Amino acid sequence: MGLLIDGKWHDQWYDTKANKGKFVRSEAQFRNWITSETQNEQNAQSNFPAEKGRYHLYVSLACPWAHRTLIFRKLKSLEDIISVSCVHPDMLSNGWEFKEEQDFLDKDVTAGDPLYQSEFAHDIYTRADANYSGRVTVPILWDKKQQTIVSNESSEIIRMFNDAFNHITGNTLDFYPQERRNDIDEINEKIYHTVNNGVYKSGFATTQEAYEEAVLPLFKTLDDIEVILTHQDFLINNQITEADWRLFTTLIRFDAVYHGHFKCNLKRIIDYPNISAYLQRLYETKGIKETVNLTHIKRHYYYSHDMINPSRVVPLGPTEIFKDVYL
Ligand SMILES: N[C@@H](CCC(=O)N[C@@H](CS)C(=O)NCC(=O)O)C(=O)O
């Protein structure tokens, strides 16, 4: 685990000392936008027009942020439009690595870097910007034509996938409908801070206070969601939106990883009947199962974060729910 400073790799863990034991996530730095032909007419010419075969997505199958983009690639029929490949689940002193190791091959996603045969994800960042300073995170949306990173911010990549390629795929499913945007933005904001990032703030905290400051609001939000789901199937009425998919990638990792490894153990997801049924509903949506790889997920967290789990032993459980995922 480390970061680039002026294009040079440095192996170092997150600095929580500077923030009283709190984990503070840094902002993604590549924030370009792919636009469709119609959007281009409205907004002048885009440097990143939607085109078949032009873009490549680098993901980790373990990472909840990258998982969002894989889900949208499926839901929006982009499999033949945007190529994809994944890093190895172990994120060690060189950060994310491209390794095609037999134990970690996935039948749905190519391993490694098919474009440049790079060794490390940081090679992709320095290819885009030789003097890049910052964390080397996945997902990375790459433009093969201009040989640069379009975006390394998952919340924006899924918005592009939601509508920029509709004229090519004919898939007009809309997970961010105009009339629901305020409600979606509002619930996203709460879930991002307390749940999606809340599990990390809890797990990476290095003081008791910082941990409690994260874990209590996390379970307060889960309690609130349990209530919301007593009278509706999804977060926003009965309509499935991006807010559900953003929550899904945290929920599916929760009992297997966050409950133990990140000390988010006031309850498990299985203890919430409505959230469990909701998770199952989302998991069984067409195409979604294939995006979930519990082997990568468990291995990544328990093996990579040796500050938290120095023995690197990966627990075998849980086995109670989603037997086809966990076993
Ligand atoms: N804001 C980014 C966050 C992505 C992110 O933090 N990814 C993690 C993997 S789960 C990562 O690559 N971390 C490496 C690091 O922080 O050095 C997004 O949502 O795309």
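Q: At what angle do helix α2 and helix α9 pack?
A: About 125°, with the axes 9 Å apart. Helix α2 spans residues 64–75 and helix α9 spans residues 242–258. Axes are lines fitted to C-alpha atoms, for helices over the stretch in contact, and angles run from 0 to 180 degrees between N-to-C directions. Helices (H or I, at least four residues) and strands (E, at least two) are DSSP runs, numbered from the N terminus.

Q: What does that make α2 relative to α9?
A: Oblique. Under 35 degrees counts as roughly parallel, over 145 as roughly antiparallel, 65 to 115 as roughly perpendicular, and the rest as oblique.

Q: Which residues make the contact?
A: From α2, Pro64, His67, Arg68 and Ile71. From α9, Trp245, Arg246, Thr249, Thr250 and Arg253. Contact means that C-beta atoms, placed from the backbone, lie within 7 Å.

Q: And by class?
A: The α2 contact with α9 has 3 nonpolar, 3 polar and 3 charged residues. Ala, Val, Leu, Ile, Met, Phe, Trp, Tyr, Cys and Pro count as nonpolar, Asp, Glu, Lys and Arg as charged, and the others, Gly among them, as polar.

Q: Before we go on, what sort of model is this?
A: It is a predicted model: local features need pLDDT of at least 70, side-chain atom pairs count only at pLDDT 80 or more, and totals for chains, interfaces and linings use all residues. Residues are numbered from 1 along each chain as its sequence is written.

Q: New topic: which residues come nearest the ligand?
A: Cys63, Trp65, Arg135, Thr137 and Ser154, out of 14 residues around the ligand. Near means a C-beta atom, placed from the backbone, within 6 Å.

Q: How does that shell divide?
A: Into 7 nonpolar, 5 polar and 2 charged residues.

Q: What about the sheet of 5 strands, what's its order?
A: β5-β4-β3-β7-β8, in an open sheet with mixed pairing. Strands pair if DSSP finds at least two bridges between them. The edge strands are β5 (110–111) and β8 (148–151), each pairing on one side only.

Q: How do β7 and β8 run?
A: Antiparallel, joined by 3 bridges. Trp142 stands opposite Ile149 in β8.

Q: Which strands do the helices α2 and α3 lie across?
A: Helix α2 lies across β3 (55–59) and β4 (82–86), at about 135° to β3. Helix α3 (residues 121–128) lies across β3, β7 and β8, at about 45° to β7.

Q: What do β1 and β2 form?
A: A hairpin, with 2 residues between the strands. Asp6 in the turn has a positive phi of about 50°. The two strands run antiparallel, joined by 4 bridges. Leu4 stands opposite Trp9 in β2.

How values were computed. Contact = placed C-beta atoms within 7 Å.
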